[in-house]
Amino acid sequence: MPQFARSLNVSQGFNFRKDKQAAVGFVTEMTVGGVALKADQETVLDPANPSAALSGGVVGVLGHYLWELGTTDAMYLSAQVSTENKMQLSAALLGDMTDMSVTFSYVVYEYDPIEKKYFLSNKGEKLEGILEKNGDSLNLTVADDESTEVQSPKNFTLQMGIKPQTKEQTIEMATGFQKNVAKKWGITAGS
């Protein structure tokens with residue numbers, strides 16, 4: 001079965017260099033259980049236009065992304081988030097978190113060696129999901145210790161699994177520059 005799985009270069013995400021062609025990704029917005037995370041990493045460069053920062057900043061720089069492409073399959077994200085976002089999520093996890101909803105947007109960029117430019121290989125905007133559970137535990141963790149992959153700014157690893165809400169949503173994908181395909185995530189269910 002095909003899947004979209006990427007190990008993304010966190011260092012390239014934080015410190016973009018034009019002479020490297022590593023795949024990068026970003027969480028551009030996210031609300032988990034009613035806690036809105038801030039897009040507080042504001043100087044991350046846009047791989048498609050490296051002379052400018054990504055508009056609106058990012059919540060986190062992706063390290064890993066996995067989706068097995070099924071309409072009801074979970075998406076698995078690992079991202080480096082700021083100290084403030086880490087504290088917000090840790091407080092929610094330690095508290096009485098009962099809202100399992102997740103709203104998020106993300107982008108993944110890869111380099112097209114034929115066109116010699118970056119392209120959006122995977123993009124989801126304002127997706128609505130719920131936290132995946134493994135038995136009685138939520139598939140949501142945030143590291144207590146800061147990451148050593150990139151030392152500045154301080155960042156912490158967030159890992160989560162997200163299942164789609166009961167509504168059809170669109171994920172935009174591409175295999176190269178202007179080689180696009182759309183996939184569905186979630187199934188609309190009647191009441």
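Mentor: Let's start with a term: a residue is buried under 20% relative accessible area, exposed over 50%, and partly exposed in between. Keep in mind that we're looking at a predicted model.

Trainee: Okay, so is Lys117 buried, exposed or partly exposed?

Mentor: Lys117 has a relative accessible area of 35%, so it is partly exposed. As for its place in the fold, Lys117 belongs to strand S9, which covers residues 117-131.

Trainee: Which residues does Lys117 touch, leaving out those up to four places away in sequence?

Mentor: Contact here is about heavy atoms within 4.5 Å. By that reading, Lys117 touches Glu110, Tyr111, Asp112 and Phe177.

Trainee: Zooming out, how many helices and strands does the protein have?

Mentor: There are two helices and 15 strands. The radius of gyration is 16 Å, close to the 16 Å from the globule rule for 191 residues, so the protein is as compact as a globular protein of that length. Its C-alpha atoms fill a box of roughly 45 × 40 × 25 Å along the principal axes.

Trainee: And what share of the residues counts as buried?

Mentor: Of the 191 residues, 45% do. For contacts, take pairs at least 6 apart in sequence: 62% of them join residues at least 24 apart.

Trainee: What about the surface and the charges?

Mentor: The accessible surface is about 9,900 Å², with 47% of that belonging to carbon and sulfur atoms. On the charge side, count 17 positive and 23 negative side chains, the centres of the two sets lying 6 Å apart.

Technical notes: Residues numbered from 1 in each chain as written. Predicted model: local features only at pLDDT ≥ 70, side-chain atom pairs only at ≥ 80, totals over all residues. Heavy atoms only, no water. Helix = DSSP H or I, 4+ residues; strand = E, 2+ residues; numbered from the N terminus. Rg over C-alpha atoms; globule rule 2.2 N^0.38 Å. Buried < 20%, exposed > 50% of the residue type's maximum accessible area, 1.4 Å probe, protein only. Areas by Shrake-Rupley, 256 points an atom, 1.4 Å probe, with all protein chains shown as cover. Lys, Arg positive; Asp, Glu negative; His and termini not counted. Charge placed at Lys NZ, Arg CZ, Asp CG, Glu CD.
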